[in-house]
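Dear colleague,

Please find the structure below, handed over for your reference. My notes on it follow directly after.

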Amino acid sequence: MVVYWLSKHTAALANIHRKPLALDTLTLRRFHLLLPDVDLSNLRIVSGAWLPAWLFHRSVIGMAYKDRIYASASGSLDTYDSFLLMVHELVHILQIQRLGELRFAGEYGCQFLYAGGYGRKMPLEAEAYGFVDRFCECTFSPRYYASRHLPSLDTAHPNWEYHALSHFLDHGLHSGLASHPAALHQRLTAGSGI
Ligand SMILES: [Zn+2]
C-alpha cells in the first residue's frame, strides 16, 4: 500500500509541469459506451508523463490513480493503441471506484507481492488486460470492420485503425454493424464480466 501512495504522489510531483487534460466529449462518449459503469466526470489525462512504475517495470506505458491517467506517450492520444491503453487504465479507475482508493491500494499491493511482480498474474491486472483482450479478440477487429463497412478507408494511413474504431463506436455499435468475425459485442456492451 505504501508503494501505491508513494507512486501516486511521486507521479503527481514528477509531472507537476504537465497539465492534466480533460478529454473531449466525443472521446468520453466512446469510453462510456465501453465502460458504462465508470464515472468519467473527473477524469484527467497526463500525457508524456514520467511513470513511477518504471522504477520496477520499464515496459509500463500507463498508470491510473483515482481519476487521473498518466500515459508515457506524448502528443496526440488519438491512436488505436492509445485508446486501448486508456481502456485498460479505465478498468483500473472502475476498480478504484468500486473498491475505494484505500482498498484498491491494499489489494493491488498484496497482489503485486503475491504474484512476484507486476503482470497478468495479479487479478486486478488480469481484469484490465482481459477486458481489452476480449474487445480485440471478440468484439472489434479494425480490418474486418473496415473491409465490411468502410471500403474507402485508406489502410495505408498510419491511423486507419483508430478511424475504424471511432466509426464503430460512433455509428456501428448501435446499428449492430458486424465488427468482428466472432461478433460477440452484445456481451461486452451488456456489461457482463466486468
Ligand atoms: Zn494495469
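In these notes, a residue counts as buried if 20 or more other C-beta atoms lie within 10 Å of its own, as exposed if 12 or fewer do, and as partly exposed in between, with C-beta atoms placed from the backbone. The model is predicted, so local features need pLDDT of at least 70 and side-chain atom pairs count only at pLDDT 80 or more, while totals for chains, interfaces and linings use all residues. Residues are numbered from 1 along each chain as its sequence is written.

Helices (H or I, at least four residues) and strands (E, at least two) are DSSP runs, numbered from the N terminus. Within helix α4, which covers residues 101-115, the buried residues are F104, A105 and Y108. Viewed down the axis of α4, the buried residues fall within an arc of 100° and so line one face of the helix; the arc is that of the directions from the helix axis to the C-beta atoms. L102, L113 and Y114, on the other side of α4, are exposed. Just after α4 comes G116, with a positive phi of about 75°.

The strands were examined next. An open sheet of three strands has the order β1-β3-β2, with mixed pairing; two strands pair if DSSP finds at least two bridges between them. Its edge strands, β1 (44-47) and β2 (62-65), each pair on one side only. β1 and β3 (residues 68-71) are paired in the parallel sense over four bridges, and I45 stands opposite I69 in β3.

Yours sincerely

Technical notes
Expected span 1.5 Å × (residues − 1).
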